[in-house]
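The sequence and structure are shown first.

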Amino acid sequence: MNRNIYIYNTFSLSKELFKPINEDRVLMYVCGITAYDLPHIGHARAYITFDTIYRYLRRLGYNVVYVRNFTDIDDKIIKKANEENSAAENISSKYIGEYHKDMDALYVSSPTYEPKATETIPEMINLASGLIKKGNAYEINGDVFFRVGSFKGYGKLSHKNIDDLIAGSRIPVNEEKENFLDFALWKKSKEGEPSWDSPWGKGRPGWHIECSAMSMKFLGESIDIHGGGSDLIFPHHENEIAQSESYTGKKFVNYWIHNGFVNINSEKMSKSLKNFITVRDVLDKFHPEALRLFFMFTHYRSFIDFSFEGIESAKQSLLRLYQAVNLYGEFKKIIKENGVAVKKEDVSAKADAGGRTPENIENYRNDFYNSMNDDFNTAKAVSVIFDLVRKTNKIINDSMAQNFINSEDAVFLDSAALFIKESLSGIFGLLNDDPKRFIESNLINIAADGVVGRAYMNEEEIKKLIDKRNEFRKNKEYGLADEIRKSLLEKGIVLEDTGFGTTYRVTNLI
RNA sequence: GGCGGCAUAGCCAAGCGGUAAGGCAGAGGUCUGCAAAACCUCUAUACCUCGGUUCAAUUCCGAGUGCCGCCUCCA
């Protein structure tokens, strides 16, 4: 398999050929959530993005050690605990639980390790002490700050220079710190706050240090990939580099990967704008894979404008994928049971006579993998699959029409089905459902309370009308049958006569 | 103020030197009693504007316009 992956590195602002430190192993760290609220769709995008990268690297045969942490102690958690008259650890454990529920629902696979900040306190204290010893940090009244001026490369990731930062400063200078850019490695705790013993008295860790500590603990001093949302570039990742490299004297990370934001109406989601959409808001209305596909349609570095119309569109696309898989399954059944003959016929001979050239699955595979190797271009990769789907649909339909399938086509069809499963299911995390069930659930759309459609008819009523109509149809009284169908349509219910009987679904708003 | 990103069909979105992938929506067709669903086919002649480089630019360079982000916690 072609392992020439080019990754866009935030550090160099360009695509670089990926070369892991160890030939067959990839060390990857992704900044996790601060557990104080329900996950929103921005979290979903970040973790689906890195899940896809994780799955893809594994597909290429890499043994990936993937660490994704939890920040389970911080100001926001403490604030929430105070508001709810609860303990910080209750808040964090509650939201870690909610997070896991959502990630499971979205088929985001579990990382190798999911450490919590509070389980890494001794390592963080070590790091801070070491930095003080080296002169890269200093203590003032129980607080420990990193001395930004002591690290020459500060700003190299976010491409900022210190002078600009000072000029553009919007935060009031903390009198205690030597420099306003200096950031806390350790914070002295206030009365009643959760705290841990340290050489500087009771306190708790600053935010940035936890990722350095956890990354080093589980992956070592230098790693291949470090990822997160693009908002983390500055100051979080910049600070991680400063403290880690000051401490070890080694390069901390080789490839920095950052995903783009999810916007609402072209604007960043933020609590102050009240435009936050949680994962659950989406999952209430849509299949989790619709969200995944929605993200796959856009390159991970671009920002995405979220809208329910967009998810609806992705849902339709997903349905097309499931239909194709289902069609293939049905076709295989028909071949077996009803005898669609598999004939040996030279398709290429027919090509001259205006026929088509034989298909080669390798072309599709190459296109797909080349796209993914180009900085994980899922949008392009997914288009390859849609091309393939059109092709297989056509082969199946043609074969059904002529009542035989050419043996080359049969081979192509089987390998295509395998490849679709490998890519869509294995790498994109789609097609986890049984196709039949998925398609049916899209046809019959019954609200949880059994009330259907805008006219608020219940299922029983509709079924009665369907039976009545089918009576009319049997007697060829089509006029009367059509009247029933029309009356239901006016109430927003569409009838569909299928081989398995009549089903119905609620229409979109007219 | 400093730094950065984006502008491609009705909508979404790839491509980024040789005149435009894919999806949704829409239109035709096949199927069906008729429909619907499904499937197939079709759907960009100023790729924001103006200059420049080039045999050739949506793709590179410059200027401009518009939108957005980071510089504060944030995926």
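## Hairpin and conventions

Asn9 stands opposite Ser14 in β2. The two strands concerned, β1 (residues 6-9) and β2 (residues 14-17), pair in the antiparallel sense over four bridges; two strands count as paired if DSSP finds at least two bridges between them. Helices (H or I, at least four residues) and strands (E, at least two) are DSSP runs, numbered from the N terminus.

The model is predicted: local features need pLDDT of at least 70, side-chain atom pairs count only at pLDDT 80 or more, and totals for chains, interfaces and linings use all residues. Residues are numbered from 1 along each chain as its sequence is written, chains are lettered from A and ligands numbered from 1 in the order in which they are written, and side-chain values use heavy atoms, with hydrogens and water left out.

β1 and β2 form a hairpin with four residues between them. Leu13, in the loop between these strands, has a phi near 55°, a positive value in a residue other than glycine.

One open sheet has four strands in the order β4-β3-β9-β10, with parallel pairing. β4 (63-68) and β10 (253-259) stand at its edges with a single partner strand each, so one side of each is left without a neighbour in the sheet. From one strand to the next, the twist averages 20°; axes are lines fitted to C-alpha atoms, for helices over the stretch in contact, and angles run from 0 to 180 degrees between N-to-C directions. Within this sheet, three bridges join β3 (residues 25-30) to β9 (residues 223-229), and Tyr29 has His226 in β9 as its bridge partner.

Three bridges link β7 (residues 183-188) with β8; in β8, Arg204 is the bridge partner of Lys187.

## Helices against the sheets

Helix α6 lies across β3, β4 and β9, running at about 160° to β3; contact means heavy atoms within 4.5 Å. This helix (residues 207-219) has 13 residues and reaches 19 Å from its first C-alpha to its last, close to the 18 Å expected at 1.5 Å a residue, where the expected span is 1.5 Å times one less than the number of residues. Of its 13 residues, 10 are buried, including His208, Glu210 and Met214. Buried means under 20% relative accessible area, exposed over 50%, and partly exposed in between (1.4 Å probe, protein chains only). Gly220, which follows α6, has a positive phi near 100°.

## Domains and cores

The domain assignment, automatic or from a database, divides chain A into domain 1 (25-97 + 112-285), domain 2 (310-441) and domain 3 (444-506). The centres of domain 1 and domain 3, taken over C-alpha atoms, are separated by 55 Å.

A nonpolar core is a set of buried Ala, Val, Leu, Ile, Met, Phe, Trp, Tyr and Cys residues joined through side-chain atoms within 4.5 Å. The largest has 133 residues, and Phe18, Leu57, Leu185, Ile225, Phe306, Phe368 and Phe428 touch the most other members. Helix α1 (residues 41-59) gives the most to this core, with 10 residues. Domain 1 and domain 2 each supply at least three of its residues. Apart from this core lies another, of 10 residues, among them Met457, Leu488, Ile493 and Leu495.

Not counting residues up to four places away in sequence, Phe428 touches several residues, including Thr52, Arg292, Phe368 and Ser423.

## Individual residues

| Residue | Relative accessibility | Class |
|---|---|---|
| Leu13 | 47% | partly exposed |
| Ser313 | 44% | partly exposed |
| Phe376 | 3% | buried |

Phe376 belongs to the loop between α12 (361-373) and α13 (378-402), and its phi is positive, about 55°, although it is not a glycine. Ser313 is placed in helix α10 (residues 308-338); its C-alpha atom and that of Glu477 are separated by 38 Å. The peptide bond from Phe234 to Pro235 is cis, with omega near 0°, and Pro235 is in helix α7 (residues 233-248).
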